[in-house]
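Here is my note on the model you sent. Please read it with the structure open beside you.

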Amino acid sequence: MEILRYVAFSTDPEGGNPAGVVLDASGADDAAMLATAAEVGYSETAFAVEACDGSLDVRYFSPLAEVPFCGHATIATAVAHAERHGTGRLLLRTAAGLVTVTTDRAADGALGATLVSVAPRTVPLDEADLAELLAILRWSAGDLDPALPPRVAFAGAWHPVIAAATRDRLADLDYDMPALSDLMARRDWTTVDLVWRESPTVFHARNPFPPGGVTEDPATGAAAAAFGGYLRELELAPVPATLTIHQGADMGRPSTITVTVPADPAGGIGVTGTAVRI
């Protein structure tokens, strides 16, 4: 397999979130893909197989396990495909469902992509799970923003959404990694989406990702999509809306994610970002 390496949600290879991309994973079994992802060592590697109709069957592996959907690896895969085959619209068949991705080239030459997620949904976060999660994060109830209530949100993968009342609280990330890994495995959560609201349309996020074998993810497209669905379902933002999510700055890999939330309550969430080859 030819392994490509890209950074998504940045035009700087030193920023964004690195992803491995295999554009032709024909014949690779689960063990081979998991071993390749572990060798690459990034939080996610995407493995694509082209179907006869031009769509791509895509699977995503962290160094430790397969995940149903990954936003930054999807953006990276779409840009890698566009570099070889030209820009346009792709249909991706993922374990989470059908995802469309459109690539284009900006005036400065940068390649970007917009994915449209599967239909999002949001469910309550059990009070016992919230208490356990806050204890693991070493947060208190007083650290939370009451205007953005805790929930578990989905747009291809499940993410608890926990909103900090201040930017300083978000910046101070110090958690029990084994304990969080255990809780997330029991609840089938992919990352924990910690957010702080700067303005009605600008947010900052951090995403602990122990299931991927890393302390933190520098840009999480799947969580950004889930968060867009959360805001719409709870009527916490006027829709349609275009949101900006800043992530990765606290770990030295600044990333910018644009989230488009349509008014249609059943509509998928758009996630836009650039990607560059490492």
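**Notes on the fold**

1. Start with Ile 162. Beyond its neighbours within four places in sequence, Ile 162 is in contact with Leu 125, Leu 130, Leu 133, Leu 134, Trp 139, Leu 144, Pro 150, Val 192, Asp 193, Leu 194 and Val 195. Keep in mind that this is a predicted model.

2. Now place those contacts in the wider picture. The largest nonpolar core holds 79 residues. Tyr 60 and Ile 162 have the most contacts inside this core. As background, nonpolar side chains in soluble globular proteins tend to be buried together.

3. Next, the chain as a whole. The protein chain has 6 helices and 17 strands. Its radius of gyration is 17 Å, close to the 19 Å that the globule rule gives for 278 residues, so the chain is as compact as a globular protein of that length. Along the principal axes, the C-alpha trace spans about 50 × 40 × 35 Å.

4. Look at how the chain packs. Of the 278 residues, 54% count as buried. Take the contacts between residues at least 6 apart in sequence: 64% of them join residues at least 24 apart.

5. Is Thr 45 buried or exposed? Thr 45 counts as buried, because its relative accessibility is 0% and the cut-off for buried is under 20%. Thr 45 sits in strand β3, residues 45-50. Leaving aside residues within four places in sequence, Thr 45 is in contact with Gly 20, Val 21, Ala 37, Val 40, Arg 59, Tyr 60 and Phe 61.

6. Thr 87 lies in the loop between α2 (71-85) and β6 (89-94). Its relative accessible area is 47%, so Thr 87 is partly exposed. Not counting residues up to four places away in sequence, Thr 87 touches Ala 82, Thr 103, Asp 104, Arg 105 and Leu 111. How far is Thr 87 from Ala 141? Their C-alpha atoms are separated by 47 Å, and the two residues are 54 apart along the chain.

7. Finish with surface and charge. The accessible surface of the protein chain comes to about 11,000 Å². Carbon and sulfur atoms account for 52% of that surface. There are 18 positive and 35 negative side chains. The centres of these two sets lie 2 Å apart.

Methods: Residues numbered from 1 in each chain as written. Predicted model: local features only at pLDDT ≥ 70, side-chain atom pairs only at ≥ 80, totals over all residues. Heavy atoms only, no water. Core = buried A, V, L, I, M, F, W, Y, C linked by side-chain atoms within 4.5 Å. Buried < 20%, exposed > 50% of the residue type's maximum accessible area, 1.4 Å probe, protein only. Contact = heavy atoms within 4.5 Å. Helix = DSSP H or I, 4+ residues; strand = E, 2+ residues; numbered from the N terminus. Rg over C-alpha atoms; globule rule 2.2 N^0.38 Å. Areas by Shrake-Rupley, 256 points an atom, 1.4 Å probe, with all protein chains shown as cover. Lys, Arg positive; Asp, Glu negative; His and termini not counted. Charge placed at Lys NZ, Arg CZ, Asp CG, Glu CD.
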